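My notes follow in the order of looking.

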Amino acid sequence: MLNNNNFISIGHASLLKRAHILRLLCTNEDMSRVALAQKAGLTKTTLSNIISELIQADIVCERPDGGIQPAGAGRRPVYLDLSATSPLAVGILLNRKGCRLLFTDLKLKVVAKDRFKVPEDISSDELCDLISEHFRMLKEKCGRPLIAVGIATPGPIDSVRGVILNPDHFYGLRDVEICKMLSDRLGYECHLISDSSAGALCENLYGIGKKVNHFIFVNISRGIGAGIVVDGQIHRGSDGIAGELGHTSINFSGPPCICGNRGCLEQYANEENVIARIRELCLYSGDASFPPDKEITWWQIQEAAANGNGPALAALDEFCEYLSFALGNAINTFDLSAVIVGGDQEGYNDVIKTMLQNKLSGRVAASYFRDVRVYNAYYGSDAISVGSVSNVISKVFNGEINILRQ
């Protein structure tokens, strides 16, 4: 007779197989039973048993477009898909611009969403009450079972304890046990991740990361953050605060930073400095492209640079020069093969991507063996908000969350 430990290991192995099948189904198009069995390395019988279990649980269904072809065309494979009533993952992106809520299925299909401003002088309790109010409205609207809640915020955070530590200029929040506070209000498990790692996780599961296993996701916002993927896995560090690229020094004799370091990247490469540099160059050159009484957005800067505007090109080139030195250090340290440019700005064209590609070529050790490629994020400015949801979905895909028990 098998002992209890054997029963536990057998059950865990079944959970991992089921989780792997869900990942393959949800991150690939047009998956039939045969294709799933081949990709997963399972026998048709084992695969059929798993699919039957998922269909019975109303998580997976057969797509209505599968079945018999017209006469003489042979049998068309029956494709599998998520059920229209399958459970949803919830994502909460809390940043300096406000809060976004997303309810999606495991394929990232958005079922419900909301966005709202957050008052500057809000307390942690008031913030959680505000999020809870919007959560309840969306939950009632979607009417489907929920798995768990992913929360993405600027760092530094402690993802192990679910605590927002001390991000600068972040509603005055310090040492907020955000996971416990929201879990108590919402009635679901909550999982915290840094916004940069969230972007990397989204790209890893559904975007550029499907074709590269070692990359760095650069989060360009008020500062510079990064999410690092090594061997197809997010590198979180011991406390979940890995990826603070903006607080790596590019000038050891530079000005002191609030983090205690000197000459940090964020002191040189940030949106405010780029805008200030553009205004300075416009003043000296007489360029009237950016009137002093008009707000300048990140997207306007990129568009102007793409159209050959001198001040915009010079300011972005300086920005990318600083950024490339920090990226070079990270690439050499982790032996990365790609850089993905993203963030919560309005959008990205190819200007920054091209500048970084040119500056990194020949500058990093890996360039002696292969090209280090620079990409724009597949999900663009939505990569981080979608990443908050991906923080839950990834735990389903690795077996940490068993959705059959939801």
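Entry 1. I looked up isoleucine 220 and found it opposite isoleucine 224 in E14. The model is predicted: local features need pLDDT of at least 70, side-chain atom pairs count only at pLDDT 80 or more, and totals for chains, interfaces and linings use all residues. Residues are numbered from 1 along each chain as its sequence is written, and side-chain values use heavy atoms, with hydrogens and water left out.

Entry 2. I checked the strands next (DSSP runs of E, at least two residues; helices are runs of H or I, at least four; both are numbered from the N terminus). Strand E13 (residues 215–220) runs antiparallel to strand E14 (residues 224–230), and six bridges join them. I count two strands as paired if DSSP finds at least two bridges between them. The open sheet has five strands, ordered E15-E14-E13-E16-E17, with mixed pairing.

Entry 3. I turned to helix H5 (residues 178–186), where Ile178, Cys179, Met181, Leu182 and Leu186 are buried. Buried means under 20% relative accessible area, exposed over 50%, partly exposed in between (1.4 Å probe, protein chains only). These residues lie on the same side of H5 because they cover an arc of only 165 degrees around the axis; the arc is that of the directions from the helix axis to the C-beta atoms. Lys180 and Asp184 are exposed on the face turned away from the buried side. Just after H5, I found glycine 187 with a positive phi of about 85 degrees.
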